[in-house]
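Let's take a walk through this protein together, one stop at a time. Keep the sequence and the 3D view side by side as you read.

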Amino acid sequence: MHFDRRHLPPANTELNHNIMDIFDRIRKHSGGPIGMYQKQAHGYFAFPKLEGEIGPRMKFRGREVLNWSLNNYLGLANHPEVRKADAEGAARFGMAAPMGARMMSGQTNWHEELEQKLAAFVGKEDAFLLNFGYQGMISVIDTLLGRHDVVVYDAESHACIIDGLRMHMGKRFVYAHNDMESFRTQMERATKVVEQTKGGILVITEGVFGMKGDLGVLDRIVEFKKEFDFRLLVDDAHGFGTMGKTGSGVPEHFGVQDQVDLHFSTFAKSMAGIGGFISGEKAIIDYMRYNMRSQTYAKSLPMPMVIGALKRLELIQTHPEYKDKLWTIVRALQNGFRENGFEIGGTLSPVTPVYLKGGVEEATNIVVDLRENYNLFCSVVVYPVIPKGEIILRIIPTAVHTLEDVEYTLDCFRKCRGKLESGEYRKPVPNMNA
């Protein structure tokens with residue numbers, strides 16, 4: 001049917017002009033705190049296009065750059081066995097199979113096999129596949145909690161946790177980042193509430209905090225189970241594959257797998273794929289299978305992704321040298337930054353934030369200099385994500401970087417720091433889209 005404006009009713013000339021049109025409000029705010037810079041930023045600082053095969057060297061605007069911005073921790077994205085499994089899965093099944101949601105028509109032996117192997121790897125009874133990591137965490141929170149329940153969560157929790165909590169109809173209390181005195185205070189508040197509501201308490205933290213690279217203090221949090229009644233959910237997106245003796249994550253690193261009630265992770269980091277999973281006690285995972293609306297009413301994870309994930313998990317388990325190589329690069333990079341007087345905070349993971357002082361103008365000029373003159377690509381974080389006057393250049397080392405890459409990067413950062421301190425970056429930002 002063709003749209004014909006002649007079929008519209010006549011305009012209402014008596015509309016209430018005190019009501020804001022939604023689109024007018026959006027236009028007025030010029031895209032929000034970050035989007036307001038989109039004319040200058042799009043395609044360069046925001047939504048940049050990295051081209052070529054995923055790895056330490058890719059092309060940006062036609063030139064090869066040393067790339068430190070991808071969470072391809074173990075280098076699996078272009079591993080020949082992974083590429084082969086992905087291709088064979090696509091050739092055999094296409095992207096459409098299986099059609100329908102898992103509950104109705106999208107269940108397969110491969111989905112079940114992947115769940116069983118993931119559960120065994122992280123030391124849990126069962127696991128449930130999720131179509132996406134971000135959406136998955138939101139859905140886990142939504143499925144678990146009733147309006148009488150209370151959530152206690154870390155102040156620096158990832159956006160997917162915050163967005164999940166926005167759906168929660170009950171109380172939520174935030175504790176200062178990794179501060180156990182603050183945690184105790186919020187647990188006391190939460191306990192008083194549930195004594196009245198007859199609900200329960202869910203504590204949420206992360207394994208690795210993706211911005212700063214520090215670890216959620218799981219060993220200290222589980223000690224509070226002797227004093228308070230609560231269940232613990234850990235988002236281990238950056239820890240899975242990188243932390244712990246076998247690489248199963250931060251719970252293994254601390255030796256508290258049996259006290260973490262729900263272990264969540266995504267395939268978007270070490271697994272270099274799409275999807276995620278939640279693991280825990282079988283009865284609770286079964287409840288999620290039958291009650292998680294985002295999975296009940298969404299198409300099943302496509303077969304090539306499931307078969308590819310099985311191969312990725314196999315490689316993580318059978319090739320510990322990938323994690324060892326990652327940590328060789330991590331230690332060289334982080335020790336190098338510290339020895340050269342850079343501040344990288346309390347990171348205990350591969351995530352490597354380099355802290356500098358300056359405004360948005362200086363931050364953007366640093367990024368332009370690194371990309372244009374040193375052919376080095378990394379991500380930058382500035383206000384409003386972090387306080388004004390602070391800059392974070394976020395470096396993500398991988399198992400496929402080299403020690404030569406590390407030395408080159410340290411040299412580039414030394415030169416850029418000199419320019420920053422001399423005031424050379426205190427100048428108008430060039431329009432890279434001009």
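How many salt bridges does a search of the whole structure find? The count comes to 25, in what is, please keep in mind, a predicted model. One of these bridges joins the side chains of D405 and R57, with 2.9 Å from N to O.

In general, two packed helices are described by the angle between their axes and the distance between the axes. Here, helix α15 (residues 360–373) packs with helix α16 (residues 403–422) at an angle of about 140°, and their axes are 11 Å apart. The crossing of α15 past α16 is right-handed. Which residues make the contact? From α15 come E362, I366, D369 and L370, and α16 brings C412, F413, C416, K419 and L420. Sorted by class, this contact of α15 with α16 holds 6 nonpolar and 3 charged residues, with no polar ones.

I22, F23 and I26 make a nonpolar surface patch of about 320 Å². One of the three, I22, is found in helix α1 (residues 22–28).

In the loop between α3 (38–41) and β1 (50–51) you will find F47. Its phi is positive, about 55°, although F47 is not a glycine. Further along, the loop between α4 (80–93) and α5 (109–121) contains P98. Is the peptide bond leading from A97 to P98 cis or trans? The bond is cis, with omega near -5°.

How values were computed:
Residues are numbered from 1 along each chain as its sequence is written. This is a predicted model: local features need pLDDT of at least 70, side-chain atom pairs count only at pLDDT 80 or more; totals for chains, interfaces and linings use all residues. Side-chain values use heavy atoms; hydrogens and water are left out. Axes are lines fitted to C-alpha atoms, for helices over the stretch in contact, and angles run from 0 to 180 degrees between N-to-C directions. Helices (H or I, at least four residues) and strands (E, at least two) are DSSP runs, numbered from the N terminus. A crossing is left-handed if the near helix is turned anticlockwise from the far one by less than a right angle, and right-handed if clockwise. Contact means heavy atoms within 4.5 Å. Ala, Val, Leu, Ile, Met, Phe, Trp, Tyr, Cys and Pro count as nonpolar, Asp, Glu, Lys and Arg as charged, and the others, Gly among them, as polar. Patches are made of residues with over 30% relative accessible area and no salt bridge: like charges are joined within 9 Å, nonpolar side chains (Val, Leu, Ile, Met, Phe, Trp, Tyr) within 5 Å. Accessible areas come from the Shrake-Rupley method with a 1.4 Å probe; for residues, only the protein chains shown count as cover. A salt bridge is a side-chain nitrogen of Lys or Arg within 4 Å of a carboxyl oxygen of Asp or Glu.
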